[in-house]
Amino acid sequence: MLKRIIVAAIYLPFFILVLFFLPTWCSAVLASLLAIVAAWELLHNTGLSKGFPLWLSVIAAACASPIIWFEVPFAYAVFFFFAVTAILFAYAMWHTESFKFAQIGASLFAYLVFPVLFAIFPALARENAGKFLLVLPFLTAWSCDTFAYFTGMAFGKHKLIEHISAKKTVEGAIGGILGCILSLVIYGVIIKYGFGLDPHFPALILIGLFGSVISQIGDLSLSLIKRENHIKDYGNIMPGHGGILDRFDSVLFVLPVVWAVAHAFILIA
């Protein structure tokens with residue numbers, strides 16, 4: 001526990017500095033770095049890929065955030081990622097014994113799905129009240145996880161999905177949803193009366209409801225991959241916490257929820 005606290009005390013100020021105080025282009029650079037590490041963790045540390053396909057996926061993962069940041073036309077972006085996919089299929093044709101469709105699917109997540117989700121960070125930062133919007137995916141994921149943990153410890157009796165996570169309970173999941181909604185409402189009150197902003201409370205509740213459910217799905221989804229590949233953590237870049245995917249699993253899944261709601265409503269004015 002002491003190691004986790006020390007590491008959090010080192011990394012958290014860095015993320016806060018980049019996301020909330022430095023120019024927004026810095027968040028794009030951070031998103032690319034996170035995507036690179038996440039791609040490596042998913043493919044290399046699980047043993048799903050190595051050699052040329054691994055490095056191609058890592059390089060492609062680094063391009064997702066710049067493509068979105070520089071607003072590359074959609075047709076060109078689609079062509080780029082399709083070209084990477086075509087190259088991987090071509091490689092598979094000549095390495096049918098060592099590189100199969102399962103590896104191509106894993107690569108797709110590594111160089112497209114996760115990097116595009118990370119790229120939502122700088123996209124949110126560019127919105128109106130972007131610094132306050134950036135708090136939402138973290139607050140949603142981490143408040144849900146915290147309330148789920150303590151509610152499960154106090155009242156948990158019915159296992160949620162025991163073969164993936166033995167400690168998660170139905171009661172904990174419900175507590176996470178309710179606690180997340182409460183946390184976002186409190187956050188709305190803080191920015192309203194503390195910073196003079198105008199939050200859209202129904203939209204915050206909507207994020208709390210759907211975001212908390214998606215957050216738990218994200219946590220379990222990344223745990224499922226770990227179980228299938230017989231690893232405890234995705235990496236050790238954050239000692240005591242694991243890898244980037246171990247820390248950002250829930251946050252990644254919440255990001256598109258916040259992004260979608262932010263486009264449906266004026267979340268913070």
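I began with Arg 126, which counts as partly exposed because its relative accessibility is 41%. My cut-offs: buried means under 20% relative accessible area, exposed means over 50%, and partly exposed is in between, with a 1.4 Å probe and protein chains only.

Before going on, I noted that this is a predicted model, where local features need pLDDT of at least 70, side-chain atom pairs count only at pLDDT 80 or more, and totals for chains, interfaces and linings use all residues. Residues are numbered from 1 along each chain as its sequence is written, and side-chain values use heavy atoms, with hydrogens and water left out.

Which side chain meets Arg 126 in a salt bridge? I found Glu 71, at 4.0 Å from N to O. A salt bridge here is a side-chain nitrogen of Lys or Arg within 4 Å of a carboxyl oxygen of Asp or Glu. Arg 126 lies in the loop between H6 and helix H7 (130-133), and Glu 71 in the loop between helix H3 (51-69) and H4, so the pair ties together parts that are 55 residues apart in sequence. I wrote down that helices are DSSP runs (H or I, at least four residues), numbered from the N terminus. Glu 71 counts as exposed, because its relative accessibility is 60%.

Arg 126 also lies over the face of Trp 69, at 4.1 Å from the ring centre. For this, NZ of Lys or CZ of Arg must be within 6 Å of the ring centre and within 35 degrees of the ring normal. I saw Lys 192 over the face of Tyr 193 too, at 5.8 Å from the ring centre.

My count of salt bridges came to four. One of them joins Asp 246 and Lys 226, with the closest N and O atoms 2.9 Å apart. This pair links distant parts of the chain: Asp 246 is in helix H11 and Lys 226 in helix H10 (residues 201-228), 20 residues apart. Are Asp 246 and Lys 226 buried or exposed? Both of them are buried.

I also looked up Asp 233 and Lys 232, whose side chains meet in a salt bridge at 3.7 Å, N to O. Asp 233 is partly exposed at 31% relative accessibility, whereas Lys 232 is exposed at 68%.

**Aromatic rings**

How many aromatic pairs does a search of the whole structure find? The search gave me 15. Rings of Phe, Tyr and Trp (its six-membered ring) pair if their centres lie within 6.5 Å; planes under 30 degrees apart count as stacked, over 60 as edge-to-face and the rest as tilted.

Phe 80 and Phe 81 make an edge-to-face pair, 5.0 Å centre to centre with 75° between the planes. Phe 80 is partly exposed, with a relative accessible area of 29%, while Phe 81 is buried at 10%.

Phe 121 and Phe 248 are edge-to-face as well, at 6.5 Å centre to centre and 85° between the planes. Phe 121 is in helix H6 (residues 120-125) and Phe 248 in helix H11 (residues 244-264), 127 residues apart. I noted that both are buried. Ring pairs also link them with Phe 118, Phe 138 and Trp 142 into a cluster.

**Inside helix H4**

Phe 81 lies in helix H4. Leaving aside neighbours within four places in sequence, Phe 81 is in contact (heavy atoms within 4.5 Å) with Ala 60, Ala 64, Ile 67, Tyr 111 and Leu 112.

Thr 85 is in helix H4 too, which covers residues 74-94. Thr 85 counts as buried because its relative accessibility is 18%. A polar atom of the Thr 85 side chain lies 2.9 Å from the backbone oxygen of Phe 81. Not counting residues up to four places away in sequence, Thr 85 touches Leu 108 and Tyr 111.

**Two loop residues**

Ala 129 lies in the loop between H6 and H7.

His 230 has a positive phi of about 60° and is not a glycine either. I found His 230 in the loop between H10 and H11, exposed with a relative accessible area of 73%.

Technical notes
A polar contact is a pair of N or O atoms within 3.5 Å; within protein, one must be able to donate a hydrogen and the other to accept it, and residues adjacent in sequence count only if both atoms are side-chain atoms.
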